Amino acid sequence: MAGPGRPAAGGRHLRRGGRGREQGRTRGRLWTVHSGRPGQAGGPAARRRRRGGTGTRGAAARRGAAPGRRPRGRLPVPQDMQVQPMLAAAHLLRLARRAGATVLPHEPVTGFLRDGERVTGVRTARRAIPAGSVLNAAGTWAGQLAELAGVRLPVAPRRGFILVTEPLPAIIRHKVYLADYVADVASGSAALQSSPVVEGTRSGTVLIGATRERVGFDAAMSLPALRRLAAGAVQLFPVLRDVAVIRAYRGFRPYCPDHLPVIGPDPRAPGLHHACGHEGAGIGLSLGTARLVAQVLVGDRPDLDTYPFRPERFAPREPNDQHRRI
Ligand SMILES: Cc1cc2nc3c(=O)[nH]c(=O)nc-3n(C[C@H](O)[C@H](O)[C@H](O)COP(=O)(O)OP(=O)(O)OC[C@H]3O[C@@H](n4cnc5c(N)ncnc54)[C@H](O)[C@@H]3O)c2cc1C
């Protein structure tokens, strides 16, 4: 799915040259504002139904409007871009290898090399790797890695499900969000939240997001979450009511309690840097973050003030740190 942050930067890069050209594309985004939330009796139609009226399932549905949720406004963002995350990651890996990087897959970091307080490299089960600087980019597991270095980063898993429909003709040409999505992202609640994000893909399948909940690393499928996704999508696109879902998947977004990522050197463990905690925007923000990290590492002035993202901004350990619940 596309990155909500500043995907244009990543897109421009990925579109430059060779195979990368296939991996970023401009399709635009459309935000819609409706009255009331799915399942809430907020809109005028719902009020009519409560008064014993006929509701909207007739005329409005025939016009393609969402029953009970008349759009009150729309905000198109035509320059918004999308990348396929797996292709983008593979492309970046190719570029890194071409630039001389050695990639050691399936070899997790199990500890840090130290010289006093200073971090001087990492350990894996197979070897010790000395390094002038170490970057913790372990996503949702970044808190666990930081803990190996003796510092606290309260990065917690925020579970999200996606539904995938059977392939359809190209009826959904943009990524369409309900504006409630913004409130869900900004919420600190651990309870299940869901606001529809509906997106057609080149293969014809439609991706339906997005739920958010903090349940640790619980990987079980959740029927209530999937139901909420389906209901939200039908609210936005009644035409999806009779479309089959062929699969669902889930992931764990790396969530920080103040909704900001962690980017920069860690004064509590000199030599250790972090780039993590991007929650639901880590793909879109990846290249911007990488640029900031690179600027700091080579001693250049970063394009952006990284003070709000400093790793030491969090309170000392709290008993309910969720990254410990594996
Ligand atoms: C349902 C869902 C929808 C999303 N939609 C979007 C979207 O539309 N746009 C967007 O921008 N983002 C989206 N995201 C969020 C995005 O996926 C994350 O923000 C992003 O993947 C984080 O990237 P990362 O590189 O920080 O971490 P990851 O991609 O998780 O990578 C971390 C890596 O560190 C490795 N690792 C862990 N522990 C160790 C260790 N001890 N040693 C070595 N390696 C280790 C892991 O194996 C992993 O490969 C979504 C997430 C979900 C779950």
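Predicted model: local features only at pLDDT ≥ 70, side-chain atom pairs only at ≥ 80, totals over all residues.

**Confidence.** The protein averages a pLDDT of 82, and 77% of the residues score at least 70. Residues 1–23 fall below 50, and beyond near neighbours in sequence I find 57 contacts for that stretch in the model. I marked residues 38–68 as well: pLDDT stays under 50 there, and the model gives them 42 contacts beyond four places in sequence.

**The three-stranded sheet.** Next I traced an open sheet whose three strands run in the order β8-β15-β14, with mixed pairing. Its edge strands are β8 (134–136) and β14 (262–265), each of which pairs on one side only. From one strand to the next I get an average twist of 25°. How do β8 and β15 pair, in the parallel or the antiparallel sense? I noted the parallel sense, over three bridges, with β15 covering residues 272–276. For V134, the bridge partner in β15 is L272.

**Helix α8.** I then turned to what packs on this sheet, and found helix α8 (residues 286–297). The helix touches β8, β14 and β15, and its direction makes about 15° with that of β14. Which residues of α8 are buried? My list reads S286, L287, G288, T289, L292 and V293. Just after the helix, G299 takes a positive phi of about 85°.

**Helix α4.** I ran the same kind of check on α4 (residues 85–98). Its 14 residues should span 20 Å at 1.5 Å a residue, and the end C-alpha atoms are 20 Å apart, so this helix agrees with expectation. A glycine with positive phi turns up here as well: G100 follows α4, with phi near 105°.

**Positive phi without glycine.** I wrote down two histidines under this heading. H106 has a positive phi of about 55° although it is not a glycine. I place H106 in the loop between α4 and β5 (109–115). Is H106 buried or exposed? H106 counts as exposed, because it has 5 C-beta neighbours inside 10 Å and the cut-off for exposed is 12 or fewer. H259 also has a positive phi, of about 65°, and is not a glycine either. With 13 C-beta neighbours inside 10 Å, H259 counts as partly exposed.

**A buried loop residue.** I stopped at I172, in the loop between β9 (156–165) and β10 (175–178). Why do I call I172 buried? Because 23 other C-beta atoms lie within 10 Å, and 20 or more is the cut-off. Leaving aside neighbours within four places in sequence, I172 is in contact with V198, E199, G200, V206 and F237. I also looked at I172 and G204: they are 32 residues apart in sequence and 9.1 Å apart in space, C-alpha to C-alpha.

**A cis peptide.** My last entry is the peptide bond from G209 to A210, which is cis, with omega near 0°. A210 sits in strand β12 (residues 206–212).

Note on methods
Residues numbered from 1 in each chain as written. Helix = DSSP H or I, 4+ residues; strand = E, 2+ residues; numbered from the N terminus. Expected span 1.5 Å × (residues − 1). Contact = placed C-beta atoms within 7 Å. Pairing = 2+ DSSP bridges. Axes fitted to C-alpha atoms, helices over the stretch in contact; angles between N-to-C directions. pLDDT = per-residue confidence, 0-100.
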